[in-house]
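Student: Could you walk me through reading burial, strand pairing and salt bridges in a model?
Tutor: Gladly; let us look at it together.

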Amino acid sequence: MTTGTPAKTRTYDLIGFGDEVPGVLAIVSAVREHRRRTGKTLRTLMLFKGNSQQGLGGHLVRGGLAYLDRANVPLEVRQSLGLATFGDPSAIYKEFLQRVGVTQVALDPRQADKVLRKMLSESGTDILSRVQIQSIITRGPAIAGIRLANGETFMAKQFIDSTVNAELAQSAGVRKLPGFGTFGLPDSELPVTLVFETEGLSISRLKEVEFNYLKRFTNPSDTEAQRFLAIAAGGDPALIDQFRRSFTNTQGGLRTMFVGLDHIDVLSRVLTITYHAFRGKKAALKESGVLMDCPNIAILPGGRLSWNALLFYVGGSQAEALARGAARPTAAMLEEMTFVEKWLKSFGASVVRATPELYIRHAGNILDVMEPLSGAEMLAGGVPASEAIATFGYHLDVRGGITGLGAKASGMGIGSISFHAPPLFNVGIHHAQVRSVPNLAVISPGSGFEGYACAAGRIVEFNVAVGQGIGIAASLAIETNRPIAAVSNVEVRQVLAQTGLLSRIYGRSNATEASRLLAFESSMIAIA
């Protein structure tokens, strides 16, 4: 970090670093609230490392993650409160989905890019992409400005970081644990995904391919199919058995894919097996470095299908390096895509197109926040209802697993590391407010999460709710000459209630599971 102010600067009220959707909508929320209160427009700027010509909107747009993870709200809660399938998301998220035209879960990245640009234009926000931070200008503990590698300098009163690795926060000296450092596993990390789109492969053809292979894999007399099974399992009998269990449902029927209004859920391991047999690689993420997982497929306009399926194994330092490299896929990842292309074209795809950026699920977590948020606190219901700005629910699952967690827990005498009951918790902003740099907030999977909290904390829908709150907090902070960290949950909630934007609040406590997870997280964090 550096001190002092260069002779030539551009000054703003609020700067966002990173163009992830929660960060974009946080700026929009800040501008709208400031206009409502003062009739004036905030001077706002969005800086990000990606190439804006490839789209604006982070991993949902350039990373192509078209299949959205939505809130999980139990049926009995929805019925008792008259809620829709995904509950009652934050007002700004509902507006965004409506403007993009999302039916259930499929978000067209091309349309999302247009909508986000329009929302930022309506807010009068300047945009600058392909930036690199050279240094941070400080004023006491606060950030005063960002000096870029090209010599440009931008000053502001408040700052929002929406990058997956909290890169602005790190540059400002905020401490961060890599990987799953809160579990004492800094080298372990969630896999990254290279999303791809196909054209020319119809849903009916995909269903036909799956059904034919299901019949073959469940036929012991089909020696070629059984050989494919053995290749994909690397000859591991336990993995072969796991594959076979995925072929049929509880009634004994074939477990075929579910086709929804705008998405496809592939429920069996058939496509996984056929790809890994084609590659001659075991379908084991850490061993092979790559896994064609059961795909989540978004159905997009123009016959396009977007696949969230191709996982790559990374460690904590690799995830950080990829994030700092603007999430660009490596040469090895792009080479793997050539095999994916051949495989899918053999089924009838005419076009197989990888996205320009990776979907990086997680890249460590910052410390020094106002109040860290743990998985146990989520299971206990989150912040008190009187402070809540939204409610969110999501399974505490981590796609690809956390390498070393089971072994570490077993060594401590802990038998199970699974917590199946999904939390339904009330949302606040204190885990995003940075105590050590009080005019900075981090709205991302890299926020102040502990333990299993990042499983739900990495989901865009949740982070947009936090972002709406942080945006309002930023506007209040600017108006009252305070840092973002000085604004409370209650103040934000009052604004949302006054403006008719407060979502329904319906968090629930699962005391038994929360107590069990608290004991587990406390034990793991204590020796981290």
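Tutor: Buried means under 20% relative accessible area, exposed over 50%, and partly exposed in between (1.4 Å probe, protein chains only). This is a predicted model, where local features need pLDDT of at least 70, side-chain atom pairs count only at pLDDT 80 or more, and totals for chains, interfaces and linings use all residues. Residues are numbered from 1 along each chain as its sequence is written, and side-chain values use heavy atoms, leaving out hydrogens and water.

Student: Is Asp236 buried or partly exposed?
Tutor: Asp236 counts as partly exposed, at 27% relative accessibility. Its salt-bridge partner (a side-chain nitrogen of Lys or Arg within 4 Å of a carboxyl oxygen of Asp or Glu) is Lys282, at 3.8 Å from N to O. Lys282 is buried, with a relative accessible area of 18%.

Student: Which residue forms a salt bridge with Arg43?
Tutor: Asp13 does, with the closest N and O atoms 2.8 Å apart. Arg43 is partly exposed at 42%, whereas Asp13 is buried at 7%.

Student: How many bridges pair strands E15 and E16?
Tutor: Strands (E, at least two residues) are DSSP runs, numbered from the N terminus, and two strands pair if DSSP finds at least two bridges between them. E15 and E16 (residues 304-312) pair in the antiparallel sense over eight bridges. Three bridges join E14 (residues 263-265) to E15, also antiparallel. Ile297 in E15 stands opposite Ile264, and its bridge partner in E16 is Trp307.

Student: Why is E15 described as largely enclosed?
Tutor: Nine of the eleven residues of E15 (residues 290-300) are buried, so the rest of the structure largely encloses this strand.

Key:
Helix = DSSP H or I, 4+ residues; strand = E, 2+ residues; numbered from the N terminus.
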